Amino acid sequence: MKTIFYDLSYEQLQDVLIKELKQPAFRVNQIWSGVYKNLWSQPDEFSNIPKGLREKLFDRYEFQPLVPIQTLKSNDNETEKILFQLHDQKAIETVLMKYDQRRTLCISTQAGCAMGCVFCATGQMGFKRHLTAGEIVEQVLFFARQLKTDDEKVTNIVLMGMGEPFHNYEATMKAIDLLGDPNGLGLGARRFTISTVGLVPMIKRFADEKRQVNLAISLHAVDDSERSSLMPVNHKYPIQDVMEACHYYIEKTNRRITFEWALIAGKNDSEQTAQKLAQLLEGLLCHVNAIPLNPTSQSIYQASDKNQTIKFQKVLERNGIPCTIRLRRGIDIQAGCGQLAIHHSS
Ligand code: SAH
Ligand code: SF4
């Protein structure tokens, strides 16, 4: 199995080209900007590189590690989901959302997920494996190439596809760094949002690294027994510990945190719950993203209705906590939050 080109850092490519392949230094930039600026992925596109070197590169490295096997478009044409096959036959999904001028990609960091949240289709399929940095990067490059044909660009990236990004911390951060390289796509840290189930040590590490990436925490409940019944990870990292890590993060970075709240009818959508949530978040630089639960095949839960959703929002706002109701998008193609899952052999 070949190494994926996008697993290489600039320095690693430099070492290979200069030390091993005895190439002049300018080739490093040529190849790097060919890949990350011009979005080339086929040998003949690299016409500025001598044929011999091109052959060596393509013999040694995989430039198309994700094979698209199914593309679905929502009825409103604003959401597109691609199912990709990985080299070991495992599969992941990536979603493009078009909204006004924004082109937001929702990318995966793992095939499956080990966290087992009961309302999430990915959680129900279990953990298959971590993605490498290159597999994370290629999801973005793939769509960037596709958008380029319409003169468009990826503008924002949410790490909210399959998997728990903080469970695959190193590869995720390496991918963000590669995509942010000003000599390449130049997607700066602020264009990314990482969503985590609440892995406390990693929230602290992330805070210490003072990255400018936006942070979202999936909370969904204010009470430990309730949260544990929805999200098994809460047994290990209960609400108080998560909140403490959030305070630490804000102290270190002075950045606002988003709390995600999937509204589940009769479970976490009452006005009393909203009141308790407002208390829990009091004094934190934050806002709440509430989204009526998306349907998944194995979940017994239902989404809150519009009326209840608005009541919930009003209580938070009356208590000084900004709350946005997220639109449910791409539901007709199972591309909404928590709906990504691979149903076939993988
Ligand atoms: N593993 C990370 C990121 C991927 S999930 C996390 O859990 O945060 C992205 C978001 O979708 C999370 O906030 C998650 O709680 C939410 N989610 C999962 N299943 C959902 C569903 N059925 N309806 C609405 N949101 C859901
Ligand atoms: Fe994993 Fe996030 Fe789904 Fe929970 S909600 S199972 S952490 S992907």
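**Group meeting: selected residues in a predicted chain**

Let me begin at glutamine 89, which lies in the loop between E4 and strand E5 (91–99), where helices (H or I, at least four residues) and strands (E, at least two) are DSSP runs numbered from the N terminus. The phi angle of glutamine 89 is near 75°, a positive value in a residue other than glycine. Glutamine 89 counts as partly exposed because its relative accessibility is 48%; buried means under 20% relative accessible area, exposed over 50%, and partly exposed in between, with a 1.4 Å probe and protein chains only.

Residues are numbered from 1 along each chain as its sequence is written, chains are lettered from A and ligands numbered from 1 in the order in which they are written, and side-chain values use heavy atoms, with hydrogens and water left out.

Now the chain as a whole. Its secondary structure comes to 11 helices and 14 strands, and the C-alpha trace spans about 70 × 40 × 35 Å along its principal axes. The radius of gyration is 21 Å, which agrees with the value near 20 Å that a compact globule of 346 residues would have; the radius is taken over C-alpha atoms, and the globule rule is 2.2 Å times the number of residues to the power 0.38. Of the 346 residues, 54% count as buried. If we take contacts (heavy atoms within 4.5 Å) with a separation of 6 or more, residues 24 or more positions apart account for 67% of them.

As for the surface, the chain exposes about 15,400 Å², of which carbon and sulfur atoms supply 47%; accessible areas come from the Shrake-Rupley method with a 1.4 Å probe, and for residues only the protein chains shown count as cover. There are 41 positive and 39 negative side chains, and the centres of the two sets lie 2 Å apart. Here Lys and Arg count as positive and Asp and Glu as negative, His and the chain ends not being counted, and each charge is placed at NZ of Lys, CZ of Arg, CG of Asp or CD of Glu.

Glutamine 334 sits in the segment after strand E14 (323–325), and its relative accessible area of 43% makes it partly exposed.

Which side chain makes a polar contact with the side chain of serine 74? The partner is aspartate 76, at 2.5 Å, a polar contact being a pair of N or O atoms within 3.5 Å; within protein, one must be able to donate a hydrogen and the other to accept it, and residues adjacent in sequence count only if both atoms are side-chain atoms. Serine 74 belongs to the loop between strand E3 (67–73) and strand E4 (79–85), and counts as buried because its relative accessibility is 4%. Beyond four places in sequence, serine 74 touches Thr79, Gly330, Asp332 and Ile333.

Threonine 94, in strand E5, is also buried, since its relative accessibility is 0%. Its side chain is joined to that of glutamine 139 by a polar contact of 2.9 Å, and its neighbours beyond four places in sequence include Glu80, Phe84, Leu105 and Phe143.

Leucine 147 lies in helix H5 (residues 133–148) and is buried, with a relative accessible area of 3%. With residues up to four places away left aside, leucine 147 is in contact with Leu96, Lys98, Arg103, Glu152, Lys153 and Val154.

How do separations in sequence and in space look for some pairs? Leucine 147 and glutamate 55 are 92 residues apart in sequence and 28 Å apart, C-alpha to C-alpha, whereas for valine 118 and threonine 296 the values are 178 residues and 9.7 Å. Valine 118, in the loop between strand E7 (110–112) and helix H4 (121–125), is partly exposed at 27% relative accessibility, and the residues it touches beyond four places include Ser229, Leu230 and Tyr301.

Finally, glutamate 282, in the loop between helix H10 (271–280) and strand E13 (286–292), counts as exposed because its relative accessibility is 60%. Glutamate 282 and isoleucine 321 are 39 residues apart in sequence and 7.8 Å apart in space, C-alpha to C-alpha.

Note on methods: Predicted model: local features only at pLDDT ≥ 70, side-chain atom pairs only at ≥ 80, totals over all residues.
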